Amino acid sequence: MVERATIRCENLSCLCEVSVDEATCSDYCSSPGGRDVAEVSCACGHAVCREAIEAQLHGGAGRESA
Ligand SMILES: [Zn+2]
Ligand SMILES: [Zn+2]
């Protein structure tokens, strides 16, 4: 079993995991625009990241009604 050290992408809006020496998952996330904290969604282009954000925004937490 290989252990890979991964960290969350340095872009706070991004939910990708990257290896420790990469810091960011994409050029988008390493650019100033990608790190804008006002940006709720991430446009790094990774499907995994997008799905993770969708899941966080829409639910699973049991707060369906407003
Ligand atoms: Zn991302
Ligand atoms: Zn990223």
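**Ground rules**

I am working from a predicted model, in which local features need pLDDT of at least 70 and side-chain atom pairs count only at pLDDT 80 or more, while totals for chains, interfaces and linings use all residues. Residues are numbered from 1 along each chain as its sequence is written, chains are lettered from A and ligands numbered from 1 in the order in which they are written, and side-chain values use heavy atoms, with hydrogens and water left out.

**Overall layout**

I looked up the secondary structure and found two helices and two strands. These are DSSP runs numbered from the N terminus, with helices (H or I) of at least four residues and strands (E) of at least two. Along the sequence they come in the pattern β-β-α-α.

I then checked burial, taking buried as under 20% relative accessible area, exposed as over 50% and partly exposed as in between (1.4 Å probe, protein chains only). The chain has 66 residues, and 23% of them count as buried.

For contacts I used heavy atoms within 4.5 Å. Among contacts with a separation of 6 or more, 26% join residues 24 or more positions apart.

**Zinc ion, ligand 2**

Which protein atoms are the donors of this zinc ion? I found Cys9 (SG), Cys14 (SG), Cys25 (SG) and Cys29 (SG), lying 2.3 to 2.4 Å from the zinc ion (ligand 2). Donors here are N, O and S atoms within 2.8 Å of the metal (3.2 Å for Na, K and Ca); water is not among the atoms, so sites may look incomplete.

The arrangement is tetrahedral because the four donor atoms subtend angles of 102 to 122°. My rule for four donors is that they count as tetrahedral if all angles lie between 85 and 135 degrees. The spacing of the donors along the chain is C-x4-C-x10-C-x3-C. Cysteine 14 sits in the loop between strand E1 (6–8) and strand E2 (17–19), and cysteine 25 in the loop between E2 and helix H1 (27–30), so I noted a pair 11 residues apart that links distant parts of the chain.

**Zinc ion, ligand 1**

How far apart are the two zinc ions? They are 3.7 Å apart, and cysteine 14 coordinates both.

**Around cysteine 14**

Is cysteine 14 buried or exposed? Cysteine 14 counts as buried because its relative accessibility is 0%. Leaving aside neighbours within four places in sequence, its contacts are Arg8, Cys9, Cys25, Cys29, Cys42, Cys44 and Cys49. I checked the other cysteines as well: cysteine 29 is buried at 0% relative accessibility, and cysteine 44 is buried at 12%.

**Nonpolar core**

A nonpolar core is a set of buried Ala, Val, Leu, Ile, Met, Phe, Trp, Tyr and Cys residues joined through side-chain atoms within 4.5 Å. The largest one has 10 residues: Cys9, Cys14, Leu15, Cys16, Val18, Cys29, Cys42, Cys44, Cys49 and Ile53.

Alanine 47 is in helix H2 (residues 47–58) and is partly exposed at 48% relative accessibility. Valine 48 is also in helix H2 and is exposed at 64%. From valine 48 to cysteine 16 I read 7.1 Å, C-alpha to C-alpha, across 32 residues of sequence.

Alanine 23 lies in the loop between E2 and H1. Its phi is positive, about 70°, although alanine 23 is not a glycine.

Glycine 33 is in the loop between H1 and H2 and is partly exposed at 43% relative accessibility. Its C-alpha is 9.6 Å from that of asparagine 11, which is 22 residues away in sequence.

Key:
Four donors count as tetrahedral if all angles lie between 85 and 135 degrees; four count as square planar and six as octahedral if opposite donors are over 155 degrees apart and all others between 65 and 115; anything else is irregular.
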